[in-house]
Amino acid sequence: MNRIFGKKKVAGPAPSLDDAAKGLGNRVDAMDDKIGKLENELKVYKDKIKKTKSPAAKKGLQKRALEILKRKRMYEQQRDQAMGQQFNVDQAAFSMESAKATVTTVAALKQSNAELKRTIRQDLDIDNVDELADDMAELMDDFNEINEALGRNFATPDDLDEADLDAELEMLEDELEDVGELDSEPSYLQASSLPYTPQGLPAQPSAPLDEYGLPAMNA
């Protein structure tokens, strides 16, 4: 049977996206080289057409230049198609890489979620957490009471009455006023109550005096 129909060929591995992109890139480069060579040939023919004066020779040069131009347009079209295919392949490769990255991210999240659940179930107990919070609250209350006790003024009795303190304060103010009045200078010794005391020597009379210090009488 194999001799009549032949043996079925074993299909090889499918090309990867990287191989396809590389092959298309090489094809685009080859097309660019051909297009560049045709452009140089067109420049040569254009110069010859400008310099040729014979109508028959010029017509032949124009025919050859037209053929080169057609080949150039054909290669440009093939190059554009290859570039479009290369873009599609690159986009597919990028989508594949994004999908792989997404799969890896999802797997990592699943693993982290499973580890978190296992840790909470095995190493953490909500009842123990509540007891710890209650213990911390009690410790803080005890600490505040200790601070209040240490900040208390031991020299001040606790059984003092504010009314008694106010009355004692008023008595102290009255005593201070009495002491101030005793220590003050008597009114009869104050400068405002004393008679005027002349200062300096009395003014000398301008008229001559006699032997008794009285103004002399003119004879």
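Guide: Let's start with Lys72, which forms a salt bridge with Glu76, their closest N and O atoms being 2.5 Å apart. A salt bridge here is a side-chain nitrogen of Lys or Arg within 4 Å of a carboxyl oxygen of Asp or Glu. Bear in mind that this is a predicted model: local features need pLDDT of at least 70, side-chain atom pairs count only at pLDDT 80 or more, and totals for chains, interfaces and linings use all residues. Residues are numbered from 1 along each chain as its sequence is written, and side-chain values use heavy atoms, with hydrogens and water left out.

Back to the pair: Lys72 and Glu76 both sit in helix H3, four residues apart, about one turn of the helix. Helices are DSSP runs (H or I, at least four residues), just as strands are (E, at least two), and they're numbered from the N terminus. As for cover, Lys72 counts as buried at 11% relative accessibility, and Glu76 counts as buried at 18%. The labels work like this: buried is under 20% relative accessible area, exposed is over 50%, and partly exposed is in between, using a 1.4 Å probe and protein chains only.

Lys72 also has a salt bridge with Glu39, at 3.8 Å from N to O. This pair links distant parts of the chain, since Glu39 is in helix H2 and Lys72 in helix H3, 33 residues apart. Glu39 is partly exposed, with a relative accessible area of 35%.

Now for Arg79, whose side chain meets that of Asp32 in a salt bridge of 3.1 Å, N to O. Arg79 lies in helix H3 (residues 55-123) and Asp32 in helix H2 (residues 17-51), so the pair ties together parts that are 47 residues apart in sequence. Both ends are partly exposed: Arg79 has a relative accessible area of 21%, and Asp32 has 34%. There's a network here as well, with salt bridges linking Asp32, Arg79 and Asp80. By the 4 Å rule, the count comes to four salt bridges.
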